[in-house]
Amino acid sequence: MTRAVGYEPRSVKQLLAEMKDIAELMIDLSYSAVLLGSDEVAAAVLDLEAEMDVLQLRTRMSLLMAARSTDDAEALAPVLGIVGATEKISDATGDIAKVVVEDIGLPPAMRAALPAAVETLVRARVAPDARFAGRTLGGIDLESETGVRAIAIRRGEEWLMNPDRDTVLRPDDAVFLRGPEAGIAGVYRSTTGEHYAPPEAPDPTIADLDRAMDSVVLMKNMSELGVDLAYGAVLFDSEDLAHEVVSLEAEVDHLQSRFEAWTLQAATRVDEPVSLRGLVRLARSTEVISDAAVEISEGVLRGLGSHPVIAEAVKESDEVIVRLSVESGSALDGATLGGRMVRTETGMGVIAVRRTTRETVTAASVTDESVTTVRDDWVVSPGPATELAAGDVLLAKGPQTAAERLRALAGTVP
């Protein structure tokens with residue numbers, strides 16, 4: 001039954017922050033539902049999709065109430081674009097969840113390809129007699145001890161999108177936990193009182209199908225990075241980041257084309273070609289998420305700038321995006337991301353690094369004067385081997401509390 005929706009006097013900033021949090025959670029949950037083959041996790045995605053439909057309508061109503069002039073319309077147009085893009089992400093992740101809920105064909109070997117791209121996520125129901133029942137997340141100190149984080153809690157019909165250190169785990173809460181598999185097992189037992197059994201993943205056997213699945217995994221990584229960079233572009237009003245989003249989208253389109261060719265070739269070698277339907281839907285939905293990332297940053301690309309309400313919403317969301325400089329002599333100066341274990345120590349994931357390079361060229365002229373050019377380069381999706389140096393600018397994503405730990409490593413005063 002469709003839920004009736006009416007205007008509510010809520011700020012656009014609050015609505016946008018909630019939509020961003022839900023959209024990012026849905027991306028995590030939808031791919032995890034496929035990886036785990038979990039009807040429960042997939043059903044949670046569809047519940048969130050219904051909630052997102054209501055939020056986007058209320059946000060549009062609030063924006064219409066706020067527009068009173070042509071200047072207002074121009075300033076709020078990028079906000080409407082973000083609302084529409086976030087709704088697209090919601091719809092795309094809902095389609096991914098339906099692969100599981102509707103039992104649409106998906107090669108079993110897909111579960112062998114996804115773990116590298118999906119950090120382990122489980123749904124754990126709090127048992128009344130479990131060790132964590134009745135305790136606060138801060139008292140448990142999950143993240144520091146295990147690397148596992150409670151990203152959302154379903155309490156009856158209510159979603160707690162921003163559980164913090166004061167949030168109490170109540171019996172029968174459904175807690176969504178994300179983190180390394182080594183940490184998940186112990187946390188799951190302490191929450192539910194039961195043993196955690198990770199899903200078994202069969203090995204792929206058809207080369208073309210293997211390549212097609214690898215393409216989907218890469219598309220997923222690029223699309224998710226594109227969304228992160230798009231929010232960074234609007235938060236910092238950065239055309240450079242917005243252009244990186246466009247480049248990622250073009251690469252995803254290229255991968256989609258190759259995926260289609262490999263899937264068609266694989267269809268001639270599998271016993272039941274209909275089993276590839278889910279894989280095709282997964283790729284199509286992933287490509288939609290990539291397109292939505294470009295729409296999020298479109299206002300910046302078209303010179304409309306970023307409305308202040310967008311930046312405030314991103315700052316207040318569950319996972320914040322921060323930009324900070326590596327100071328000379330700090331713990332990160334001369335270190336690599338992996339060597340300093342930045343993600344493990346801080347809980348923040350570095351999604352991009354901007355470094356300034358200077359090149360001195362001797363001109364072929366009578367005077368032979370040297371000309372020094374300064375160029376800013378972005379290292380998108382840096383890896384463990386990425387070296388950092390004083391003056392590098394980091395763009396990182398993670399919880400509010402983790403941002404302070406990263407600032408301390410970089411030697412940056414908040």
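The protein chain exposes about 19,100 Å², of which carbon and sulfur atoms supply 49%. The model is a predicted one. Of the 414 residues in the protein chain, 50% are buried.

**Overall make-up**
- The secondary structure of the protein chain consists of 14 helices and eight strands.
- Among contacts with a separation of 6 or more in the protein chain, 81% are between residues 24 or more positions apart.

**The sheet**
- An open sheet is formed by four strands with antiparallel pairing, and their order is E1-E4-E2-E3.
- Strand E1 (121-125) and strand E3 (158-160) stand at the edges; each has a single partner strand, so one side of each lacks a neighbour in the sheet.
- On average, and with direction ignored, neighbouring strands of this sheet are turned by 20 degrees against each other.

**Pairing of E1 with E4**
- E1 and strand E4 (residues 174-178) run antiparallel and are joined by five bridges.
- Within this pairing, Leu121 stands opposite Arg178 in E4.

**Helices on the sheet**
- Helix H2 (residues 39-66) lies across E1, strand E2 (149-155), E3 and E4. The helix H2 runs at about 95 degrees to E3.
- Helix H7 (residues 181-192) also packs on the sheet, where it touches E1 and E4. The direction of H7 makes about 15 degrees with that of E1.

Notes:
Residues are numbered from 1 along each chain as its sequence is written. This is a predicted model: local features need pLDDT of at least 70, side-chain atom pairs count only at pLDDT 80 or more; totals for chains, interfaces and linings use all residues. Side-chain values use heavy atoms; hydrogens and water are left out. Two strands pair if DSSP finds at least two bridges between them. Helices (H or I, at least four residues) and strands (E, at least two) are DSSP runs, numbered from the N terminus. Axes are lines fitted to C-alpha atoms, for helices over the stretch in contact, and angles run from 0 to 180 degrees between N-to-C directions. Contact means heavy atoms within 4.5 Å. Buried means under 20% relative accessible area, exposed over 50%, partly exposed in between (1.4 Å probe, protein chains only). Accessible areas come from the Shrake-Rupley method with a 1.4 Å probe; for residues, only the protein chains shown count as cover.
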